[in-house]
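Below is a short exchange about one protein model. The sequence and coordinates come before the questions.

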Amino acid sequence: MSLYFFVSSQRHLTEGLPWAETIADSIDTQIVLVVLGQDRNTLAEQARKTLQASQSIKTIEVVDEDIDSVLNHIRVKKSSLVLIVKDAHDEPFQRSLFERSPVQTLWLRINGAPPTSASRVYDFDVSTQLETQRISKRLLGRPAHSVLLENDPPGDIDVPKWLEQESVRVEGERCESGDLVWIVYGRTPAEEKRYVAARALLKESSKASIALISKGESFSESLASRLRYWATHVAEPLTREQRVELSQSLTEGSHPSWEFLGLISASAMLAAFGLLQDSAAVIIGAMLIAPLMTPILGAGLALTLGNRPLFQTASNAIVIGFLGALSSSFLFGCLVVLLQTPEVTPEMWARCKPSALDFCVGLVGGMAASYARTRSHLSSALAGAAIAAALVPPISTAGLQIAFRITQGADSSIWSSGQGTPIFGPVLLVSVNVLTIMIGSSFVLYARGMRVDRAFTIGQRWAGRMTILLVTLMLLVLVWTLGH
């Protein structure tokens, strides 16, 4: 971990280095100079001379002045603290960096050298006094001695405006040259009322140095950011046109049709034939014509977008496909009973006892299928076959066993040598696979950019509740399978 000191001018380097060295000594780390700006290569050469004279500077890095590139640079390099020196010319960039930084970030307006005693360090107001004491002690080796604003704002006024005017006035009256005023924020500084006053002090402070500090991302937020960064670097992000095309394709494919019902029925009968023959090759062949992948991916897309109508349409298609496959395999089983003595083969028994490993089949299959659909050069048919392999054989097994149960009875010898639960076991296996495929595909689609980047909407709240419900059902089934 290192202190990342961002500089875009020689003045930044000259004025900010004593502060950076003081903080680096206090937290026992080294400084990484990150050079920005149009003249960054020239500034980097000047900084290398400074590198020879300073024992605290670890290395110098030159970064393009693009906010997303800088944020990813901070995240990947795992810096422990970011230091920005206030500059009017770079204020929009610095403000964005401060507000979006994934780690603890110090935005500093320098008026003099670092304070040498606690009596010269101020907290902004009493609301963050304990947090300010801890941060000041950690970064400077001395706590804040007093509070800048000691009075509460009067009632029935514009609080941000009052804070702005009062803080500028009091700073000019109370502070001396070389003092420091801390203003501490949470993870979203732009949403706090004191942010207006802080930016006013950055511009208008006459005597004191002003230090704005934000906490950065929480562990969960940091993990999500890293996953998004990893996802965008494994595969190029989808363009807007690709996202629209994929959304339209999955939406259209999620509507049930006679063609969909015919293909799923044919696939189920072919799978039933393979199950009766105990032939894995025939079962695999049946998977190639099963159209189940698209409506399940459509349901996963609905969860990422908070699209309830799409989820209902896709769910209808899944239910219709399930009933069609179950009915066709049931009829095939009745035909088999008329022609020969039925037998529950090992391939059928293998699908009568779901296990914890079956959860991995659906989850990995759903993630692979959804990723393949977002990459034009990959064949989604292969991933679709993997999904169908997790769904159609259990449905066909259940249909055949229903036919055998009706025609032969529950006491027939065909059930005596088997393991697992006929009919219920395959149906449970199908349910598990559908749930895990939905959850896995929604995760990958979200990571690939198929999401709504706006304030929390009613649809997103529904999607959150539905995702929690599906995960809960999946965990309940997992507990049941582990207990049996």
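This is a predicted model: local features need pLDDT of at least 70, side-chain atom pairs count only at pLDDT 80 or more; totals for chains, interfaces and linings use all residues.

Reader: How many helices and strands does the chain have?

Author: Helices (H or I, at least four residues) and strands (E, at least two) are DSSP runs, numbered from the N terminus. Counted this way, the chain has 18 helices and nine strands.

Reader: In what order do the strands lie in the open sheet?

Author: Two strands pair if DSSP finds at least two bridges between them. The edge strands, each pairing on one side only, are strand 3 (57–62) and strand 7 (146–147). The open sheet of nine strands has mixed pairing and the order 3-2-1-4-5-9-8-6-7.

Reader: In which sense do strand 1 and strand 2 pair, and what is the handedness of the crossover between them?

Author: Strand 1 and strand 2 (residues 31–35) pair over five bridges in the parallel sense, with Tyr-4 opposite Val-32. From strand 1 the chain passes through helix 1 (residues 10–26) to strand 2. A crossover is right-handed if, with the strands pointing away from the viewer, the path from the first strand over the helix to the second runs clockwise. This β-α-β crossover is right-handed.

Reader: Which residue of strand 4 is the bridge partner of Leu-3?

Author: Strand 1 also pairs with strand 4 (residues 81–85), in the parallel sense over four bridges. The bridge partner of Leu-3 there is Leu-81.

Reader: Why is strand 1 described as largely enclosed by the rest of the structure?

Author: Buried means under 20% relative accessible area, exposed over 50%, and partly exposed in between (1.4 Å probe, protein chains only). Leu-3, Phe-5 and Val-7 point one way from strand 1, and Tyr-4 and Phe-6 the other way. Strand 1 (residues 3–7) is largely enclosed because its buried residues number five of the five.

Reader: Which residues have the most contacts inside the largest nonpolar core?

Author: A nonpolar core is a set of buried Ala, Val, Leu, Ile, Met, Phe, Trp, Tyr and Cys residues joined through side-chain atoms within 4.5 Å. The largest has 60 residues, and a second, separate core of 36 residues includes Ile-67 and Ile-84. Those with the most contacts inside the largest core are Phe-311, Val-392, Leu-400, Phe-404 and Met-438.

Reader: Is Glu-91 buried or exposed, and which residues does Glu-91 touch?

Author: Glu-91 is found in helix 4 (residues 91–100) and counts as buried, at 13% relative accessibility. Contact means heavy atoms within 4.5 Å. Not counting residues up to four places away in sequence, Glu-91 touches Lys-86, Trp-107, Arg-199 and Lys-203.

Reader: How far apart are the end C-alpha atoms of residues 317–339?

Author: The UniProt record (unreviewed entry) lists residues 317–339 among those with the feature "transmembrane region"; UniProt positions are given in the numbering used here, feature names are shortened, and annotations may be inferred rather than shown by experiment. Over residues 317–339 the chain is 100% helix and 0% strand, and the end C-alpha atoms are apart by 33 Å.

Reader: How many disulfides does a search of the whole structure find?

Author: A disulfide is a pair of cysteine sulfur atoms within 2.5 Å. Cys-175 is buried at a relative accessible area of 0%, and Cys-352 is buried at 1%. The number of disulfides found in the whole structure is zero.

Conventions
Residues are numbered from 1 along each chain as its sequence is written. Side-chain values use heavy atoms; hydrogens and water are left out.
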